[in-house]
Amino acid sequence: MSRTPRYVPPGGCLVEVTCRTVHGRLLLRPSREVNETIVGVLGRALERHPLELVAAVFMSNHFHLLVRVEDARELAHFMRFLNGNLSREIGRLHGWPQTLWGRRYDAILVSNEEEAQVSRLRYLLAHGVKEGLVRRPEHWPGVHSAESLLKGRPLQGFWFDRTREYQARRRGQRLNRYTFAEEVRVELGRLPCWAHLSEREYRSRVEDLVEQIETEAASARRSRGERLPSTSTCRRRIRRQHPHRRVVDSLPRRPAPTVHAYRRHVREKLLRMLAEFVAAYREAARRLREGKRRVRFPPGSFPPRLPFVAVPRAP
């Protein structure tokens, strides 16, 4: 079965990216070393392939990003660097020689509607709380954008220069983990629909979302008669899990949606644009297989073994 071509509408779009570990193993389980490695790789990926990161959350067996991208090539280069380096660095920490990821990442378009964008931000912020692991989003011991958004602080980590490390070992130099580590800071951007707000107003709205998440989770626990232990106990439980452990969800997993939109006509418009793009791409690919040389692939696509077809920029 062929893969659906990546699609980003002309002019750019907010995209929710999801990627899961192989077999659902807890290879991203929070720890000091894992957290600083994730932020370091994320920061270096943003330096090399600049796009706007709005929010991020790394759970033990998957992660979500909310990013603003201009085209599919920008997202592809960013994710190739991010996932490739995370696979090597996290595998090094946990003695995991295989790939870290079960399959390629999902990239779901988010419409320009305020309701849709706020809903996706709220979804990312709720991780850790909605699963009943911690009381508040900022209590999650792993990489989570909640605290950064609430307090206006950048995420901090380290990028490890393995080339210099290898050369130093060849010379017989004694090293520790941080000999060739470079501190990295990741600044989060804003939701496009809230870009006009002042820093104080933006933070206030994030605080409202976090309060709603916490209140709803507490209400759900009371209705089930459940109680969470202290924050320190919750964090210890999460960190004690073995990273090679395989977690199988008890609930059936539904296919990821193609787009996120609030209003029906907006969703239908995005789906129609995607369908037209895919149809044009597959028609061009069919003609190319037949041996025809002068074939035009739609703008914003990756033709087989040919350069990316750039989207014309507005003058």
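Start by selecting strand 1, residues 13-20: it supplies 3 residues, the largest share, to the lining of the largest cavity. Keep in mind that you're looking at a predicted model.

**Stop 1: the cavity**

Show T18, C19 and R20, then R103, R104, Y105 and D106, and you have the residues that line the largest cavity. What classes do they fall into? Colour them by class and you'll get 4 charged, 2 nonpolar and 1 polar residue. The space inside has a volume of about 30 Å³.

**Stop 2: a pair of helices**

Next, select helix 1 (residues 32-48) together with helix 2 (residues 72-94). Two packed helices are described by the angle between their axes and by how far apart those axes are. Here the angle is about 155°, and the axes lie 9 Å apart. Over 145 degrees counts as roughly antiparallel, so that's the label for helix 1 and helix 2. Turn the view to follow how helix 1 passes helix 2: the crossing is right-handed.

**Stop 3: where the helices meet**

Which residues make the contact? On the helix 1 side, show E33, V34, T37, I38, V41, L42, R44, A45, L46 and R48. On the helix 2 side, show F78, F81, L82, N85, L86, E89, I90, L93 and H94, which they meet. Colour by class once again: this contact between helix 1 and helix 2 has 12 nonpolar, 3 polar and 4 charged residues.

Definitions and conventions
Residues are numbered from 1 along each chain as its sequence is written. This is a predicted model: local features need pLDDT of at least 70, side-chain atom pairs count only at pLDDT 80 or more; totals for chains, interfaces and linings use all residues. Side-chain values use heavy atoms; hydrogens and water are left out. On a 1 Å grid over the protein atoms alone, a cavity is a set of points where a 1.4 Å probe fits but cannot get out, and a pocket is an open set with protein on both sides within 12 Å along at least five of seven lines; lining residues have an atom within 4 Å of a point. Grid points are joined across faces, edges and corners, and a volume is the space filled by probe spheres set on the points. Helices (H or I, at least four residues) and strands (E, at least two) are DSSP runs, numbered from the N terminus. Ala, Val, Leu, Ile, Met, Phe, Trp, Tyr, Cys and Pro count as nonpolar, Asp, Glu, Lys and Arg as charged, and the others, Gly among them, as polar. Axes are lines fitted to C-alpha atoms, for helices over the stretch in contact, and angles run from 0 to 180 degrees between N-to-C directions. Angles under 35 degrees count as roughly parallel, over 145 as roughly antiparallel, 65 to 115 as roughly perpendicular and the rest as oblique. A crossing is left-handed if the near helix is turned anticlockwise from the far one by less than a right angle, and right-handed if clockwise. Contact means heavy atoms within 4.5 Å.
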